[in-house]
Amino acid sequence: MQISDYIDDIARSTGFLSRLPMPARHFSGHDGSLARASAMFPVAGLLIGLCPGLVVALLSAGDANPALTAVLALAVLIGVTGALHEDGLADSADAFGARGGREHMLEIMKDSRIGTYGVLALLISFALRAIALTIILSVIGGWNTLLVLLAVAAASRAAMVWHWNVLPPARQNGVAASVGAPDQDARTLALVVGGLVFVILASLACGLFPALFGLALLAAIASLWTSLVRNKLNGHTGDTIGATQQLTETVCLTALALLL
């Protein structure tokens with residue numbers, strides 16, 4: 001691959017995962033497949049995480065309230081992604097919380113309405129992330145919190161690629177199936193890039209031990225969630241991929257806050 005190929009993949013991954021505008025030339029003649037481009041999900045995560053990260057750094061430089069800063073940063077993050085991953089978390093929570101078999105769960109995931117389990121999952125996720133960011137910001141400051149946000153954004157999107165790759169599609173007409181699952185090379189590259197970025201940035205911000213522990217916990221949660229999805233659905237959906245990002249991000253931020 002040439003450098004231009006990697007740049008194309010970064011743009012395509014970022015365009016898929018967010019509402020950030022990408023130049024049209026990167027999509028010209030492309031068939032929409034993410035089988036290769038998904039390797040750059042962690043890099044796309046860096047671009048996405050930079051937006052709330054800069055909000056945190058700039059507001060903290062002006063001595064803004066840490067709790068308000070954390071909430072505003074999350075609001076920016078949700079705006080940048082279009083709540084794509086939050087939607088996956090909510091739909092997954094509704095499906096896994098309801099009684100019924102595999103087909104019933106898949107039907108719930110297709111329903112655009114949100115239920116009690118979905119609302120509670122979003123509330124808990126947002127609250128944990130907001131409180132964790134408040135603690136992290138209060139302890140290590142704005143610029144180090146920016147590094148943490150970048151680290152978690154990269155690693156959690158690498159976890160998405162892994163979940164997507166190791167499970168077959170639960171249905172053949174879903175969004176995740178239509179764009180093609182990551183191939184083995186893409187999965188390996190995503191995990192290497194996501195892991196290295198996380199360890200380097202989180203170590204600079206929090207220290208080596210919290211960084212390694214946070215990454216280990218992130219990987220454990222991704223593995224547990226993937227095992228649960230395999231047992232219940234025998235395959236992934238776009239919603240379970242999105243939920244992977246939310247679960248790993250929430251747990252990792254919470255763990256780092258507890259360790260500081």
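A nonpolar core is a set of buried Ala, Val, Leu, Ile, Met, Phe, Trp, Tyr and Cys residues joined through side-chain atoms within 4.5 Å, where buried means under 20% relative accessible area, exposed over 50% and partly exposed in between (1.4 Å probe, protein chains only). The model is predicted, so local features need pLDDT of at least 70 and side-chain atom pairs pLDDT 80 or more, while totals for chains, interfaces and linings use all residues. Residues are numbered from 1 along each chain as its sequence is written, and side-chain values use heavy atoms, without hydrogens and water.

The largest nonpolar core holds 46 residues, of which Phe41, Ile136, Val148, Val152, Phe198, Leu253 and Leu256 touch the most other members. Two or more residues come from each of α2 (41-61), α3 (66-81), α6, α7 (142-166), α9 (184-206), α10 (208-233) and α11 (238-259); helices are DSSP runs (H or I, at least four residues) numbered from the N terminus. The most, twelve residues, come from α7. Leu256 is in contact (heavy atoms within 4.5 Å) with Ile136, Val148, Val152, Phe198 and Pro210, leaving aside neighbours within four places in sequence. Another core, of 14 residues, lies apart from the largest one and includes Met109, Trp225, Val229 and Ala243.

A disulfide is a covalent bond between the sulfur atoms of two cysteines. With the cut-off for a pair of cysteine sulfur atoms set at within 2.5 Å, the count is zero. Cys51 is in no disulfide, the nearest cysteine sulfur being that of Cys252, 20 Å away. Cys51 is partly exposed, at 25% relative accessible area, whereas Cys206 is buried, at 15%. The sulfur of Cys206 is 9.0 Å from that of Cys252, its closest, and is therefore too far for a bond.
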